[in-house]
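Reader: I would like to go through this model feature by feature. Please give the general idea each time, then the case at hand.

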Amino acid sequence: MPPLKNDRFIRALLRQPVDMTPVWMMRQAGRYLPEYRATRAKAGNFLNLCKSPELACEVTLQPLDRYPLDAAILFSDILTIPDAMGLGLYFAEGEGPCFEHPIKTAADVEKLPIPDPHESLRYVVDAVSLIRKELDGRVPLIGFSGSPWTLATYMVEGGTTKNFAKVKGMMFDQPQLMHALLDKVAQSVVSYLNAQIEAGAQAVMIFDTWGGILTQRDYADFSLAYMKKIVAQLKREHEGQTIPVILFTKGGGQWLQAMADTGCDALGLDWTMPIGEARQQVGDKVALQGNMDPCILYAEPERIEQEVATILESYGHGTGHVFNLGHGIHPEINPEHVAAFINAVHKHSQQYHTGQ
């Protein structure tokens with residue numbers, strides 16, 4: 001594999017000096033781009049797009065052809081693992097993801113397989129290999145998975161939910177069953193992420209979208225404990241390079257110190273806590289990724305640039321910051337506003353990296 005031409009994303013995650021703050025966006029290959037919508041139309045539907053390595057590669061690279069981003073992220077979905085476990089993933093119009101066979105009983109958990117990523121998830125592994133080859137060292141490639149708690153939420157609820165009644169009901173009423181489910185999912189995530197690393201992912205991220213709905217005690221027991229197990233079993237070096245690991249719990253700002261103790265390299269932040277405060281809490285233990293409110297991108301470029309400058313000032317001087325949104329970009333965002341955002345990060349961040 002060719003050496004990286006732009007490695008500032010990896011360097012920032014490892015808290016090494018950089019010339020400017022690196023930037024990428026969650027859901028950067030997505031519906032806000034007309035070229036993405038054209039490729040998705042060609043695929044026929046979202047799942048077909050995910051399951052075609054060639055089309056997944058195409059949409060992964062689309063934002064890099066438009067913007068000077070510092071990383072690419074594999075185009076896929078967090079629900080690939082439950083789908084490979086036989087739950088029958090489908091996307092209902094206007095409803096989001098659904099499962100034909102949600103988890104309801106101990107027997108359902110018992111019969112769940114731990115997928116071999118080179119068999120039932122081969123399309124993801126092949127996509128990683130293809131994207132890495134096509135990138136040709138332009139920028140690093142990020143692989144990812146959902147967290148066990150977040151995946152279990154969809155698996156028990158059978159899809160999206162507002163009150164989490166089924167999954168919290170199981171957690172409170174049958175905690176041993178919930179732990180059995182989370183343990184199987186965690187094993188699956190380990191093999192899945194390690195397969196992505198072997199195929200060429202140069203950093204990996206665990207998305208804990210629903211950890212923030214839990215109490216502190218339940219977050220520690222049912223979400224963080226399993227992410228910690230995963231971090232401990234991931235390949236942290238491949239092809240002679242360190243593979244950084246990013247944990248992101250949406251709504252997890254009150255647990256940053258506990259998250260930093262998992263052994264990860266970086267924490268993703270949503271927009272609900274000033275990044276300067278987060279940095280004070282975790283010190284030099286981990287890098288921080290975030291954390292602009294995605295809705296700022298609805299504003300005019302001048303306002304976007306102002307917000308970027310404010311966040312950079314909050315973080316302050318030195319490395320260890322990867323600029324990102326606090327969650328995924330919204331589908332209706334003007335692509336020109338994204339260009340203003342990315343250019344503002346590179347323009348305003350250089351002053352914070354002099355004399356490192």
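Author: We start with the sheet. Strands (E, at least two residues) and helices (H or I, at least four) are DSSP runs numbered from the N terminus, and two strands pair if DSSP finds at least two bridges between them. Here an open sheet of 7 strands has the order E1-E4-E5-E8-E9-E10-E11, with parallel pairing. Strand E1 (72-73) and strand E11 (321-325) are the edge strands, each pairing on one side only.

Reader: What kind of model is this, and how are residues numbered?

Author: It is a predicted model, in which local features need pLDDT of at least 70 and side-chain atom pairs count only at pLDDT 80 or more, while totals for chains, interfaces and linings use all residues. Residues are numbered from 1 along each chain as its sequence is written, and side-chain values use heavy atoms, with hydrogens and water left out.

Reader: Over how many bridges do E1 and strand E4 pair?

Author: E1 and E4 (residues 141-146) pair over 2 bridges, in the parallel sense. Ala-72 has Leu-141 in E4 as its bridge partner.

Reader: Which strands does helix H10 lie across?

Author: Axes are lines fitted to C-alpha atoms, for helices over the stretch in contact (heavy atoms within 4.5 Å), and angles run from 0 to 180 degrees between N-to-C directions. H10 (residues 175-199) lies across E4 and strand E5 (203-208), and runs at about 170° to E4. The expected span of a helix is 1.5 Å times one less than its number of residues. With 25 residues, H10 reaches 36 Å from its first C-alpha to its last, close to the 36 Å expected at 1.5 Å a residue. Gly-200, with a positive phi near 135°, follows H10.

Reader: In what sense do E2 and E3 pair, parallel or antiparallel?

Author: The sense is antiparallel, over 4 bridges. Pro-97 in E3 is the bridge partner of Phe-91. The two strands, E2 and E3, form a hairpin with 3 residues between them, and Gly-94 in the turn has a positive phi of about 80°.

Reader: Which residue has a positive phi although it is not a glycine?

Author: Arg-15, with phi of about 60°. Arg-15 sits in the loop between H1 and H2. On the peptide bonds, a cis one joins Gly-290 and Asn-291, with omega about 0°; Asn-291 lies in strand E10 (residues 287-292).

Reader: How much space lies in the largest pocket?

Author: On a 1 Å grid over the protein atoms alone, a pocket is an open set of points with protein on both sides within 12 Å along at least five of seven lines; a cavity is a set where a 1.4 Å probe fits but cannot get out, and lining residues have an atom within 4 Å of a point. Grid points are joined across faces, edges and corners, and a volume is the space filled by probe spheres set on the points. The largest pocket holds about 1400 Å³. Its lining has 39 residues, of which Arg-27, Arg-31, Phe-46, Asp-77 and Phe-91 lie nearest the centre. Helix H2 (34-43), helix H3 (46-51), strand E2 (89-92) and strand E3 (96-99) each give two or more residues to this lining.

Reader: How many cavities of 30 Å³ or more are there?

Author: The count is 1. The largest cavity has a volume of about 40 Å³, and its lining includes Thr-249, Leu-256, Asp-270 and Met-273.
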